[in-house]
Amino acid sequence: MDSCTVAEHKLGRDSPINKLLYARDIPRYKQMVERYYADIRQTISASDQEMNSALAELSRNYSGELNYLVALHELYKYINKYYDQIITALEEDPTAQKMQLGYRLQQIAAAVENKVTDL
């Protein structure tokens with residue numbers, strides 16, 4: 001954890017033992033973390049086509065191991081928690097407006113909640 005902080009940690013007499021045990025290693029780990037994030041910044045972003053291809057391959061490789069209903073339920077729990085913010089963002093985004101994503105999400109939410117709406 002200390003390797004990922006930007007603050008310098010000062011060790012003293014009352015420092016926890018875990019900080020004292022790894023105090024010599026932390027500067028080396030910090031360098032490793034900094035290099036890791038520098039490498040990430042320098043990587044070329046994947047195109048939508050490359051992302052879709054990679055996700056499709058993962059889906060094929062793990063299709064037998066994924067319980068779709070559980071995955072969908074977990075996604076919906078997240079959506080339900082942030083529903084208002086997601087709907088607002090979808091209604092404000094021009095691309096989402098063209099695709100009617102806000103409306104579609106409202107339909108899905110109504111179906112999952114088994115509610116009758118005037119959509």
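Me: Before we start, what should I keep in mind about the numbering and the model?
Reply: Residues are numbered from 1 along each chain as its sequence is written, and since the model is predicted, local features need pLDDT of at least 70 and side-chain atom pairs count only at pLDDT 80 or more, while totals for chains, interfaces and linings use all residues. Side-chain values use heavy atoms, with hydrogens and water left out.

Me: OK, helices then: how do α5 and α7 pack?
Reply: Helix α5 (residues 83-92) and helix α7 (residues 101-112) pack at an angle of about 150 degrees, and their axes are 8 Å apart. Helices here are DSSP runs (H or I, at least four residues; strands are E, at least two), numbered from the N terminus, and axes are lines fitted to C-alpha atoms, for helices over the stretch in contact, with angles running from 0 to 180 degrees between N-to-C directions.

Me: And what does that angle make them, parallel or antiparallel?
Reply: The two helices, α5 and α7, are therefore roughly antiparallel to each other, on a scale where angles under 35 degrees count as roughly parallel, over 145 as roughly antiparallel, 65 to 115 as roughly perpendicular and the rest as oblique.

Me: Which residues meet there?
Reply: On the α5 side they are Tyr83, Ile86, Ile87, Leu90 and Glu91, and these meet Leu101, Gly102, Leu105, Gln106 and Ala109 in α7; contact means heavy atoms within 4.5 Å.

Me: Switching topic, where is Leu11, and what does it touch?
Reply: Leu11 lies in the segment before α1, and, not counting residues up to four places away in sequence, Leu11 touches Lys19, Leu20 and Ala23. The C-alpha atoms of Leu11 and Ala23 are separated by 8.1 Å, although the two residues are twelve apart along the chain.

Me: What surface patch is Leu11 part of?
Reply: Together with Ile17, Leu20, Leu21 and Tyr22, Leu11 makes a nonpolar surface patch of about 520 Å². Patches are made of residues with over 30% relative accessible area and no salt bridge, joining like charges within 9 Å and nonpolar side chains (Val, Leu, Ile, Met, Phe, Trp, Tyr) within 5 Å, and the areas come from the Shrake-Rupley method with a 1.4 Å probe, where for residues only the protein chains shown count as cover.

Me: How many salt bridges are there?
Reply: The count comes to two, taking a salt bridge as a side-chain nitrogen of Lys or Arg within 4 Å of a carboxyl oxygen of Asp or Glu. One joins the side chains of Asp25 and Arg28 (3.8 Å, N to O), and another joins those of Lys77 and Glu74 (3.1 Å, N to O).

Me: Where do Lys77 and Glu74 sit?
Reply: Both Lys77 and Glu74 lie in helix α4 (residues 68-81), three residues apart, which is about one turn of the helix.
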